[in-house]
Amino acid sequence: MSLLVTGAAWAEATPAPDPRGAAATDPAAEAEAFLKTWEESGKPLCEKNEPGCAAAGQALVKAAAAFEAAHKRDKAIAVRKMILDPKNRLDYTEYGKETAFVIASDLQSIGEYAEAASYHESAARKFPQMAQAQAALMEAVILRSGLKDYKAAMADVELYTKNYGAKQPEASARLAVAVADSLVDEEKWADARTWLGKWMAAVDKAGSLQDRIHAHTLLGRSLDKLDDKKGAAKEYEVVRAAWKDPEASTKQLAAMGGSDQEQMRRLGRSLTDVGEALFFFAEQKRAEVDAIRYPEYKGPASRDDVMKHINTKVVDWVKKKRPAIEEVEKAYGQVTALQPVAPPRWVVASAARVGQLWGKFVAEFRAAPIPKDWRGKGPVPGSTMTYEELRKAYYEKLDEASEPQKLQAKKSFEVCVNYSTKYQYFDQYSRTCSVWLAKNYGKEHVLVEEFVPRHAGASVVFLPSPVAKANPSR
């Protein structure tokens, strides 16, 4: 009787003389020998659904393993697909069940992400009680999201929650947030709002602190982009409140465990989210400051009228705007003061905004009108001074009066540049800072253009380095 028909005992029976001979030392040749055994003896047995089919299929298991050892993963995958082919009647054997999950990982390892996701999903649906099923669905969610197949990713989250959510509610929440993260990354604001609206209660109930913070941040950002400032403020307030006690929140994140690198990454993301929330509220205040507009002069171009305008309306504007800027500066300062460490992205953005506020204030102050008769050329009648000298003296006085505010702008822009340099974080905010410094303090800050990625997966753009050269000008 053939060993192929002795049932499960085949794998344990005393083997006949090895048909592979010397080929056994060559994994690829060994795999081919196992395939030959399958084609000649195992496949006919399984096609007829005769006893011993399951045992005969072990030849395919060993062939796949041998191809793997020979670094021929594509052939190993092809053999494993044979095991899963219903025509061979091996897909529901114990090793068939295992193979359903193994092949998904194999495909994933060679970059066949869409096919890998399909196998992950198929295995998890067919064998939901297998130990690998939960991890398979998790992988499928990540792969589908990466492939921008959000409908499939959402279905996988739903299936995971249906099968395992009762015992693994935190994992379900994490998967829901992962899908939302991908939607927001693709700027699908309306879809993110709908998805998060559906899952937020579950995330708040069972999600980790990290996931709760991130979910409300993503919803806040989506609502902000959809011009729902009130709704965005509500979500960002939840984020801000979650970090009311930095020490307690930090300990709560650390208690989630993991390697030092994982803990740092977790803390970094949460702090970045909180920084985004604080920046949002500071931006709301900045809008109020921007509404305090410089009093445009529309009167006669006479000296007395111009000076009266400056000494009344402009002075009143200064008295109102300066303290308003100082209050907004405090709001942005909450980002820099964030504990245990301020997130570089939002420190750069906040410092840039503060610098812009003071810089604009100085520019508007210097825009005070001059009398029409001061715009001439040559000597000023009844004076030893020329019109050019008069205008220069006038602007010097304005510069002198606005110098404290200009220095405040410089300080903020330098904080922006220093953080950008220290953490190698460059964006349009950091560019604004270094360009302004180069323009106004060229001897201290020179401007050079360097290649900096626009964002992950995109082409590079030219952005200035904090050590940059530019011709200073007004």
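Over the ring of which residue does the charged end of Lys410 sit? I looked this up and found the ring of Tyr441, with the charged end of Lys410 4.5 Å from its centre; a charge sits over a ring if NZ of Lys or CZ of Arg is within 6 Å of the ring centre and within 35 degrees of the ring normal.

I note that this is a predicted model, in which local features need pLDDT of at least 70 and side-chain atom pairs count only at pLDDT 80 or more, while totals for chains, interfaces and linings use all residues. Residues are numbered from 1 along each chain as its sequence is written, and side-chain values use heavy atoms, with hydrogens and water left out.

Next I looked up Arg240, whose charged end sits over the ring of Phe281, 3.9 Å from its centre. Phe280 and Phe281 are both buried (under 20% relative accessible area, with a 1.4 Å probe and protein chains only).

I then turned to ring pairs, where rings of Phe, Tyr and Trp (its six-membered ring) pair if their centres lie within 6.5 Å, and planes over 60 degrees apart count as edge-to-face. By this rule I have 14 aromatic pairs. The ring centres of Phe280 and Phe281 are 5.4 Å apart and their planes stand at 75°, so this pair is edge-to-face. Trp358 and Phe361 also form an edge-to-face pair, 6.0 Å centre to centre with 85° between the planes.

Last, I looked up Gln405, which is buried at a relative accessible area of 5%. Beyond its neighbours within four places in sequence, Gln405 is in contact (heavy atoms within 4.5 Å) with Arg322, Trp358, Phe361 and Val362.

Terms used
Buried < 20%, exposed > 50% of the residue type's maximum accessible area, 1.4 Å probe, protein only. Phe/Tyr/Trp six-rings, centres within 6.5 Å; stacked < 30°, edge-to-face > 60°.
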